[in-house]
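Here are my notes on this model, as numbered points. Please read them with the structure open.

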Amino acid sequence: MEQLQATVCAVGIGITVAALFGMLFPNGNMKKAAETGLTVLLLFLLVSPFLRSGNIDSRILSEGLAYDLETFSTVDVYQNAVANYIQITLENAGIPTQSVRATVQLDDDNTVLLQSVQVEASKDTDTEVLMQVLEDRLEIPSEIITVQGE
């Protein structure tokens, strides 16, 4: 819709400029040359939306492919957000971590499902306490939590 508005606006401005130049130039060869140039410019403005093919736009792609691209970016965003939230929660509980990885999946209703959590902690970290914090504060079942020590 924005592209259509921009095209209509550009054509409107082009027509206005053509009318102004038509009034400013004296009759003769100069006026004919200016009108020819402005006509070519207006034609270009009308055809340019159809020539723009450098950008990949999900609205142009087939629905299945566009959905897949949207899903991949959504899953990546949720995985990073969940991993950051888990790491912050553990740090607030006084449990230092090296890294946290979360794996999420979207179901058919676009509901985010947490599949697994991998926490890389130091050797002296109490795994039982870590898992208890994740279960109590974030309601993450211990079955999907994996703790790796350095």
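1. Burial first. The protein chain has 150 residues, and 22% of them count as buried. Bear in mind that this is a predicted model. The accessible surface of the protein chain is about 10,800 Å². Carbon and sulfur atoms hold 57% of that surface.

2. Fold layout. The protein chain has four helices and three strands. In sequence order the pattern reads α-α-α-β-β-α-β. Take the contacts in the protein chain with a separation of 6 or more: 50% of them join residues 24 or more positions apart.

3. The core. The largest nonpolar core contains 16 residues. Those with the most contacts inside it are I86, L90, V119, L130, L134 and I140. Four elements, α3 (63-92), β1 (97-106), β2 and α4, each give two or more residues to this core. Which of them gives the most? It is α4, with four residues. As general background, nonpolar side chains in soluble globular proteins tend to be buried together.

4. L130 in detail. Setting aside neighbours within four places in sequence, L130 is in contact with L90, I95, V119, A121, T125 and V147. Two of these partners, L90 and V119, are also listed among the residues with the most contacts inside the core.

5. T125. This residue lies in the loop between β2 (112-121) and α4 (127-138). Is T125 buried or exposed? T125 counts as buried, because its relative accessibility is 15% and the cut-off for buried is under 20%. Not counting residues up to four places away in sequence, T125 touches I95, P96 and L130.

6. V129. This residue sits in helix α4. Its relative accessibility is 40%, so V129 counts as partly exposed. V129 and A93 are 36 residues apart in sequence. Their C-alpha to C-alpha distance in space is 9.7 Å.

7. The surface patch. L20, F21, M23 and L24 make a nonpolar surface patch of about 450 Å². One of these residues, L20, is found in helix α1 (residues 2-24). L20 has a relative accessible area of 46%, so it is partly exposed. That value also passes the patch criterion, because patch residues need over 30% relative accessible area.

8. Where to look. For the surface, turn to the nonpolar patch made by L20, F21, M23 and L24.

Terms used: Residues numbered from 1 in each chain as written. Predicted model: local features only at pLDDT ≥ 70, side-chain atom pairs only at ≥ 80, totals over all residues. Heavy atoms only, no water. Patch = residues over 30% accessible without salt bridge, like charges linked within 9 Å, V, L, I, M, F, W, Y side chains within 5 Å. Areas by Shrake-Rupley, 256 points an atom, 1.4 Å probe, with all protein chains shown as cover. Salt bridge = Lys/Arg side-chain N within 4 Å of Asp/Glu carboxyl O. Buried < 20%, exposed > 50% of the residue type's maximum accessible area, 1.4 Å probe, protein only. Contact = heavy atoms within 4.5 Å. Core = buried A, V, L, I, M, F, W, Y, C linked by side-chain atoms within 4.5 Å.
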